[in-house]
Amino acid sequence: MQYARARELIDALHREDPAGEELAYADSVERWVKQLYPEADDVLLLAARCQHLQRWSLPRTSFPDGKAGYLSWRRRLYVVQADKAAELLRQAGLQDEEIAAVRQWVSKSDLRKGNPGTQALEDGAVLTFFTNQLEVEKLTDHDKLDRSKLVDIVRKTWGKVSPKGQEAIRNLDLDETLKGLVNEALAA
């Protein structure tokens, strides 16, 4: 079956991640998409697995420092990931319209336009961020971020999530530091 083959190809690339994090990330995003959107089809679940496809291949350090450099890197990364996902899905034998949908969702080119597939991926990614990646102590030590910057990150991230995703975040069993950060962001 094409979907199983596509998953094998995607996960083979995830296993190439030098940091060994992409496969766990893909599992988490897919799990959240399944939980929030039980009607999700195989194509959407494959797209969820492509959310950070070969992210390591385009390091943030290859772009200028600062917000403009970060945004430029992120936009380029979305396109690179979407193109790689399309290549793998084509290789697995998926239909052109399925490939086009995954490319659109992974590129996030229509996130603000209310595309349900793009929103499902964003919800899965944000919930993965909240449950697996948002470690206040690590962020403040490693990235030299102060609390106000973290509050701003959480506030902006919250705005990208659907009401369904926001409800899921509210129901997370976050530690007290993270709960405080979320509450402060929502009050801002």
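Helices (H or I, at least four residues) and strands (E, at least two) are DSSP runs, numbered from the N terminus. The model is predicted: local features need pLDDT of at least 70, side-chain atom pairs count only at pLDDT 80 or more, and totals for chains, interfaces and linings use all residues. Residues are numbered from 1 along each chain as its sequence is written, and side-chain values use heavy atoms, with hydrogens and water left out.

**View 1. Q54 in the loop between α3 and α4.** Helix α3 covers residues 42-49 and helix α4 covers 66-92, and Q54 sits in the loop between them. Is Q54 buried or exposed? Its relative accessibility is 13%, so Q54 counts as buried (buried means under 20% relative accessible area, exposed over 50%, partly exposed in between, with a 1.4 Å probe and protein chains only). Residues up to four places away in sequence aside, Q54 touches L13, E16, E22 and K84 (contact means heavy atoms within 4.5 Å).

**View 2. T118 in helix α6.** Helix α6 runs over residues 116-133 and includes T118. T118 counts as buried because its relative accessibility is 0%. Which residues is T118 in contact with, leaving aside its neighbours within four places in sequence? They are Q104, W105, K108, D110 and L111.

**View 3. The largest nonpolar core.** A nonpolar core is a set of buried Ala, Val, Leu, Ile, Met, Phe, Trp, Tyr and Cys residues joined through side-chain atoms within 4.5 Å. The largest one has 52 residues, and those with the most contacts inside it are V33, L89, L94, V102, W105, F130 and I169. Helix α6 gives the most to this core, with 7 residues.

**View 4. The surroundings of F130.** F130 is one of the residues with the most contacts inside the largest nonpolar core. Not counting residues up to four places away in sequence, F130 touches V154, T157, I169, L172, L174, L178 and V182. I169 is also among the residues with the most contacts in that core.

**View 5. The chain as background to the close-ups.** The chain has 10 helices and 0 strands. Its C-alpha trace spans about 45 × 35 × 30 Å along the principal axes. Buried residues make up 49% of the 188 residues. Among contacts between residues at least 6 apart in sequence, 69% join residues at least 24 apart.
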